[in-house]
Structures are given as structure tokens and as C-alpha cells.
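Student: Hi! Could you walk me through this one while I look at it?
Tutor: Happy to, let's open it up.

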Amino acid sequence: MTAPSTGASRAAARRTRTPWPGSAGHTFVAAYTVLLVAFGVVPTGYAIYFAFTDNADSFAGLSNFSTAFDDFRFGPAVGHVVLYLAWWLVSLVVFVVGLALLVHRMAMKGLSRLLRFLYYVPGALAGAAGVLVWLFVLDPTVSPVGFLLRALGYHAFGQVIAPGHLPVLFTLIAFWTGAGGWIVVMYGALNNIPADILEAARIDGAGALQTAWRIQIPMLRKWIVYMVILAFAGGTQLFVEPQLLSQASNGVAGRDYSLNQLAYDFAFQNNDVNTAAAVSVELLVVGLVVAGVFVARSGFFDAD
Amino acid sequence: MRTDTRWGIVAGPAGIRSGPAVREPARIGRAARRRVNPLPALVLLLFVAFFVLPVLWLLLAATKTDDQLVGGNPLSFGSFHALRANWDALTAYQGDAIFRWLRNSALYSSVALVITVCVAVPAGYAMAMTEFRGRRALLIATLVVMLMPNATLVVPLFLEVNAVHLIGSMWSIVLPYAFYPFGVYLTYIYFSTALPRELLDAARLDGCSEFGVFRRVALPLAAPVIALVGFFSFVANWTNYYLPYVMLPQDDQLPVQVGLGTLLDSVPQFNPTAGALEVQRPELALATLLAITPVLVVFLFAQRFLVAGMLAGATKD
């Protein structure tokens, strides 16, 4: 963690990065580059190739894209993912930063460490395990918060997983498994803010809120952006949650809910890898554009 | 998120407003108010309940019969007898399937972890501390691939792996796991913020070769970031669902995450057509517990490193 750097310090950083003689630098990155090409570049190329060809390997223009677009499941799937992302990203930023600040302010370090641990524990249940737990939690008959669900008027699993609830439910699951890790990261970043800056702010009369808003959050900026980018990438990948939910509800809820499920079904149910690749490419383009905007606007490369 | 905030903020309006004369009383007043404000504690506790309750419920669910699960207090302990019965029923499912899945997960995740660390640490170091042709391009490529939703590549990866006839081989998931740009970027961030360049220069002046500098200076200081990368990589791989779901067609090759999905299909309350191979809900809860235990254990050991790794960045001025 460095302070947002000025042009001068960035130039200084560039000066002090030592040029390596010979090919030492390339040797160090060689293995990584091989993996990058094999599992990053080549599959991307494959996706693009398949997206623009038909099953006879001849150029197909945009026909795969229009096939996907015209599919009755496509529009709803886009809507689902966008709605889910909105819930997920907003709650992540607000609560992770808020909780990290609160935990960081605690005077008792032992208690603060315990809280971070407790918040993190569900991280161990990421993926299918967490979804299974939430299938139980959302079933009023066995749920530990059954009284809460009943108070809200839901008496059966089917009522809880009504289609309109899914973005919030998936957000709950994702937040439950993912937020703790980010709280640990934000806490670490908060620790990296030099104590004398906070001390100076305190002497100058800044309260906890002002310190958080004017010093800590701006200095966390880089990490917040980082979190949002990765959470966005993760969010568009929505697959296991709706997939398992659709299994658990006999296809009533969550079937063909997300774009990834749609790509999967195109590829493995309809044997139409070209349309599947078109969906993949679309997801890819959206991801890259948003990431690009974040990177450009946040000064993410400050450390460079 | 404003982009114009700089260090100068410390001397901002807050500093101008309160003069030395009023500063002391104001601070005492604020401190007193902070002590009685119960809101932060309440929020923290509420989130403890949110994060912990489902885990607690899961632990207890494994000790119950299905009837107790529905009828009893959700946060009560069942009995060791029921736990034993659930264990027997679960391990009998398809003849030890659960242990086979756990073994598979352990194998895939640990092999991928070793490769990831060996590949990511030197790469992150080279990009952070040295200049070479293509460095910036590689860094940007890393960032781009890291941001790329990797599940969108699952189908193309399937086609690629299929073309080289590796479908059904463990390498079809281990090698894609081992490619972990997030780990490279973490290492890059760590070295560029936490490792003083003067240290490297000193080693060079003392006649260290570039490999010597890496091995003797950078690597010993890299323990926290290695723990961090290893930890994130292990958790990510252990909990991955989509890739093995697509790549591994054989039931006995499944990692435990995908295995849980198979179990879910055999629970009659969730799948009325489950049929003969019935799995009761408490058994599913027990299987979920077994599936998460290794990650939990790893976290207990890595927690110290996690915080240490983050703190290490603070030493740079």
C-alpha cells in the first residue's frame, strides 16, 4: 500500500527499477507466460474463433450472436445477472468497508481478531458447500431463522425462492461466503495507513467519522476498486448458486438463470458450442469494458 | 470514490477549524460520546450472527435425525448416536464415495498450489522489481486475464482440452488451476510496496547475481505473500465447481464440491424423484462439513500469515 503517488514519485519508481542484464527477467516469467498463453490467450482465441464460425468451421459473421440474442432465455438471463450485480456490489462496498473500519477501531485487539475470524469462517464454505447451507437456511421448516422467514410470511421453501427474491438471495450467499475475506484484506490495508497521519488528523480535531471519510476511505481507494473489479468478475460468473438451486427445486427456480448456465446449456444440452462461445465472448467484452473503465478512472496502476 | 484526494487532506478544513484552545475539551467530549454510542457494537454483533448462525446450525445439523431437524430447536444438539448413524449412512453411500471425493479434491488442490507458487512468485517479483522487455505488456495481460470472468472460458477450455485428449485427466483441471494471475498480481503488489529496493541494491553491490538476490533477499522476505497466494489458490481450487463439473465426466474423479451436488440430487426433500439411493438431510449436512474442514484448517494456520502479509506493507515509507 502506498499513498496515491504523484507523477514525481512514479518517475522515481521507474528510475529505481533495475534493468536486468541478459535474459534473467524473461527466465523468471517464462513458466508463468506459458500458462498465461495456454490457459488465458488460447482459450480466449478459441472462444472468439468459435463465436464467429458455424459447426462446419466456416465464417458465420454474427449469426451465432443473433441466435443467442433471439433465444427466449437470453434477455431474462442478462437482466438477472445485472440485477444481482447491483445488489452484490453495493452491499459489498458498503458493508465490507464499514465493518473493516469498525473492526479496525476496536480497542481490544484480541476481540478484533476474533471478529475478523468469525466473519471469515463462512469463506471456507464458498462454492457448493455454502449454497447447500443456504438451501437449508432458506427452508422455513429446518432453518435456524425459521421464525424470521415465517414472520415475513414465508412458510414453504418454494415461497422463499420465488423468482423475484433470487437476486437478494444470491447476494446473501455471496456476501456470506465472500465478505469476510475482503474484511481481512481491508483491515490489513487500514493497518498500512501510517499511525502518524491518523494521529495528526486526531490532533487536528477529526472525529472517527471524519477520519474514516476523509483519510481512511480515500487511502483504501485502491483496495476498494480492486475488490469491486474482482467481485464484478466473480458476479458475472454466477453459476453454482442457481445451478444447485435449480437442482433443489426441480428446475422451478434458477434454471437458465445466469448467462453461464445458458452457455453451458448451449454447449452441452443443445450441442451448439458456437452459440455458447458467442455468449462467452459477450460476457468477456462486458467484463473487459467495465474493468477498463475502472482501471483508467481509479489510477489502479499507481504502483507502476 | 474521489480521485483528487491526496495526502494534503490532513491539513484540510478539519485542521483549520479547531484551534489549540478548544481542542482538548472537544476531544474529551467526543471520547465520552464514543463510549456510550452502542451502534457500532450492535452492527458488529448483528453481522456476527449473520456469519456464524448458519455455520453453527450446520455443525449441529449433523448430530440430528431428519425428524429432529424439522421438529427440534434448530440450535440444539442432537445426539452422538444420530451423528454416528449419519456418518455410517454417508460413508456407505456408493461405497466410500465421500472419501474418494475428498481425496480427489486434496490431490487437485495441492498439486495446483505447488505449481502456482513456483510460477507466481518469481513472475511477480520480476515484474515488480526489475525492468525487462515486455514487462508492462505482461503486467497488463495479467490484470486483464485476472479480471476476465474465468468461467466464461470454461467452455472454450473444454474444447481446447478436448482437442489434446485430456478430458477426464486430472491435468485438465490442475493446469488451469495452476494458472493464477491473481496470485501473480498479489506477489507483484507485495514486492513493489513491501520490499525496499535499497535492499536489493545493497545485495547487488555485495556481488549477488540476480538469481542470488531473488533467492537470498526477496524469497526469505516473501513468506507472507507465499502464504497469502497459497492460501487463496488452495481455497479457490478446493471450492471450484464449474470447471471440474465440465471436465471430469467420471463419478469417481469428482472433487468433493461436485460430489455434494450429486448428494443433493439424492435428497428426497429436494428431489422427489431421488429414488432408491436416498440421502437424508443430516447426512448432506455432515458431508458439507467434511467438505469444508480442510479449508477451515488451512485458514486457521494461515491467518497469522494473512495479517502479517498485510502488515508487512506498512514498513515501507
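**Helix packing and surroundings**

Tutor: Let's begin with a contact: A:Arg116, A:Tyr119 and A:Tyr120 in helix 5 of chain A meet A:Ala179, A:Gly180, A:Gly181, A:Ile183, A:Val184 and A:Tyr187 in helix 9 of chain A. Two residues are in contact if their C-beta atoms, placed from the backbone, lie within 7 Å. By class, this contact between helix 5 and helix 9 of chain A has six nonpolar, two polar and one charged residues. Here Ala, Val, Leu, Ile, Met, Phe, Trp, Tyr, Cys and Pro count as nonpolar, Asp, Glu, Lys and Arg as charged, and the others, Gly among them, as polar.

Student: Before we go on, what kind of model is this, and how is it numbered?
Tutor: This is a predicted model, where local features need pLDDT of at least 70 and side-chain atom pairs count only at pLDDT 80 or more, while totals for chains, interfaces and linings use all residues. Residues are numbered from 1 along each chain as its sequence is written, and chains are lettered from A and ligands numbered from 1 in the order in which they are written.

Student: Back to that pair, at what angle do helix 5 and helix 9 of chain A pack?
Tutor: Helix 5 (residues 109–120) and helix 9 (residues 166–191) of chain A pack at about 145°, and their axes are 7 Å apart. The axes are lines fitted to C-alpha atoms, for helices over the stretch in contact, and angles run from 0 to 180 degrees between N-to-C directions. Helices (H or I, at least four residues) and strands (E, at least two) are DSSP runs, numbered from the N terminus.

Student: How many helices does chain A have, and how many does chain B have?
Tutor: Chain A has 14 helices and one strand; chain B has 16 helices and one strand.

Student: And how much of each chain is buried?
Tutor: In chain A, 46% of the 304 residues count as buried, and in chain B it is 46% of 317. Buried takes 20 or more other C-beta atoms within 10 Å of a residue's own, exposed takes 12 or fewer, and partly exposed is in between, with C-beta atoms placed from the backbone.

Student: Which residues have the most contacts inside the largest nonpolar core?
Tutor: A:Val96, A:Ala100, A:Leu132, A:Ile183 and A:Met186 do, in a core of 190 residues. Such a core is a set of buried Ala, Val, Leu, Ile, Met, Phe, Trp, Tyr and Cys residues joined through C-beta atoms within 7 Å. Leaving aside neighbours within four places in sequence, A:Ala100 is in contact with A:Ile183, A:Met186, A:Tyr187 and A:Leu190.

Student: What about B:His165, buried or exposed?
Tutor: B:His165 is exposed, with 9 other C-beta atoms within 10 Å. B:His165 also has a positive phi, about 55°, without being a glycine, and is found in the loop between helix 8 (154–163) and helix 9 (171–178) of chain B.

Student: What do the buried residues of helix 9 of chain B pack against?
Tutor: They pack against helix 2 (24–51) of chain A, together with helix 6 (97–129), helix 8, helix 13 (223–239) and helix 14 (242–247) of chain B.
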